[in-house]
Amino acid sequence: MLHPQVQQALDAISSRPIENVFLVACGGSSALMYPSKYFLDREAKTIAADLYSSNEFIHRNPVRLGSKSLVILCSHSGNTPETAEAAKFARSKGALTVSLTNEPASPLAEASEHVIKYSYGPEAPAFETNYSIMYQLVSGLLYVKEENAKFHRMIYSLQGLQGAYDRAKIQFADQAKAFAASNKDEKVIYTMASGANYGVAYSFAICILMEMQWIHSHAIHAGEYFHGPFEILDKTVPIIQLLGLDETRPLEERALHFSRQYGEKLIVIDAKEFDLSGIDEDLKGYISPLVLNFVLRQFANELADARNHPLSTRRYMWKVPY
């Protein structure tokens, strides 16, 4: 059964012509959009999809943005000013706006036509969390507009996500603690992935390591590794390598093969090791990034504890004008 607010949004979408979808957010909310963007790129036949940082969305002013556009936005707090302004901007162009947030009484919610509140926190049911809601929304979009046959199986598979999370939590508990103990004093930690998984690497780099732990980082796209970034590799450089199950996995495997020849501080999280029981085989490539993200959050919690640097600590964010 769909999240009721997703169903309401899909009812509105079904009554309007949609030619393009703009996924708009900042930071971790932007990273949330990557798996759904990958899904749309692979599955949509008549609808184009683009992903924008909220501020650039306004300044770039896409020429295709108009009455046949769907703009999906996200801000966890709903207070991100750039994203609230992006919703207003999209509506001024005649686009249909649907926003995801954990705070339904927020500037973003007020600026949007349809609002979906997702659940958040360690006790939140996986089916009701932001990544799952995004997949419910975009797979539903393709169902109502293109009769995409994966929709019902996607919903069924997302209902099996909680079990995958629970099993992964146990499976990676020791590895998360070992990662924290080995890397608590590192000044630089890179993350690498590709395809549907890249947003997870990006989020971990900019939101966890840089924002919440003040550790220098960069998310490296596995397809770009051999076009410059691999020159930073030596035996002292920690790299978190994510391997997913989508069509771009060969890029990640190639990068890992090279890194193992010349590096020693490699942290490998391979989706092939996940127990994805209850998830349809041809959807595992789409859903494995959600489990990768869950596992990395375990790593983040353990790292914060080992460093005695809570994830809530900030120097500038929400503290000074910017």
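Select Glu211 first: leaving aside residues up to four places away in sequence, Glu211 touches Ile206, Thr313, Arg314, Met317 and Trp318, where contact means heavy atoms within 4.5 Å. Glu211 lies in helix H10, and with a relative accessibility of 19% it counts as buried, a word that stands for under 20% relative accessible area, with exposed over 50% and partly exposed in between (1.4 Å probe, protein chains only). Helices (H or I, at least four residues) and strands (E, at least two) are DSSP runs, numbered from the N terminus.

The model on your screen is predicted, with local features needing pLDDT of at least 70 and side-chain atom pairs counting only at pLDDT 80 or more, while totals for chains, interfaces and linings use all residues. Residues are numbered from 1 along each chain as its sequence is written, and side-chain values use heavy atoms, with hydrogens and water left out.

Next, display the strands of the sheet. Four strands, in the order S7-S6-S8-S9, form an open sheet with parallel pairing; two strands pair if DSSP finds at least two bridges between them. S7 and strand S9 (266-270) are the edge strands, each pairing on one side only. From one strand to the next the twist averages 20 degrees. S8 and S9 run parallel and are joined by 5 bridges, and if you pick Gln241 you will find that its bridge partner in S9 is Val268.

Turn to the aromatic rings. A search of the whole structure finds 21 aromatic pairs, counted when rings of Phe, Tyr and Trp (its six-membered ring) have centres within 6.5 Å, with planes under 30 degrees apart called stacked, over 60 edge-to-face and the rest tilted. Select Phe22 and Phe57, whose ring centres are 5.7 Å apart and whose planes are at 55 degrees, so the pair is tilted. Because Phe22 lies in strand S1 (residues 20-25) and Phe57 in helix H3 (residues 54-60), the pair ties together parts that are 35 residues apart in sequence. Phe22 is buried at 0% relative accessibility, and Phe57 is buried with a relative accessible area of 0%.

Tyr225 and Phe258 form an edge-to-face pair, 6.3 Å centre to centre with 85 degrees between the planes. Tyr225 sits in the loop between strand S7 (219-221) and strand S8 (239-243), and Phe258 in helix H11 (residues 249-262), 33 residues apart.

Finish at helix H7 (residues 151-158), where Phe151, Met154, Ile155, Ser157 and Leu158 are buried. Seen down the axis of H7, these buried residues fall within an arc of 165 degrees, so they line one face of the helix; the arc is that of the directions from the helix axis to the C-beta atoms. Their cover includes helix H2 (27-43), helix H6 (130-146), helix H8 (161-171) and helix H12 (284-307).

Technical notes:
Axes fitted to C-alpha atoms, helices over the stretch in contact; angles between N-to-C directions.
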